[in-house]
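The tour goes from one selection to the next.

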Amino acid sequence: MRDERGLYYFPQAGNVKAKMYVRRNGGEIEFRLWQADYPEVWEKHCWLPMGVIRRAAALYTQGKGPDAADPTRLYDVQVAEALIAEAER
């Protein structure tokens, strides 16, 4: 999907108040979250490359064990790649 901010998907099933925007920058997928209830998130946070997200998630889950929640769940590289590929056609 696309709107005035760019390509996006809904990162949480059933929640249309949150959108995850995606783009390709220098060959890497980047993400940026927008939330209707918290518009300041968009203003205060920049685009995040997937590599940075993975490194931060590894630090977060370090020592929490195998049952730790995966903080990367919101960032879906496969969906992002599909959206970007479709937009480039």
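**A tour by selection**

Begin with aspartate 70, which is found in the loop between helix H2 (50–61) and helix H3 (77–88). Helices (H or I, at least four residues) and strands (E, at least two) are DSSP runs, numbered from the N terminus. This is a predicted model, in which local features need pLDDT of at least 70 and side-chain atom pairs count only at pLDDT 80 or more, while totals for chains, interfaces and linings use all residues. Residues are numbered from 1 along each chain as its sequence is written, and side-chain values use heavy atoms, with hydrogens and water left out.

Show the surface at aspartate 70: this residue is partly exposed, because its relative accessible area is 39% and the term covers values between buried (under 20%) and exposed (over 50%), with a 1.4 Å probe and protein chains only.

Now select the strands. Five of them form an open, antiparallel sheet in the order E1-E2-E3-E4-E5. At the edges are strand E1 (2–3) and E5, each pairing on one side only. Two strands count as paired if DSSP finds at least two bridges between them.

Zoom in on E3 (residues 18–25) and E4 (residues 28–35), an antiparallel pair with eight bridges. Asparagine 25 has glutamate 28 in E4 as its bridge partner. Two residues lie between the strands of this hairpin, and glycine 26 in the turn has a positive phi of about 60°.

Finish at E5 (residues 48–49), which pairs with E4 in the antiparallel sense over two bridges. Here proline 49 of E5 is the bridge partner of glutamate 30.
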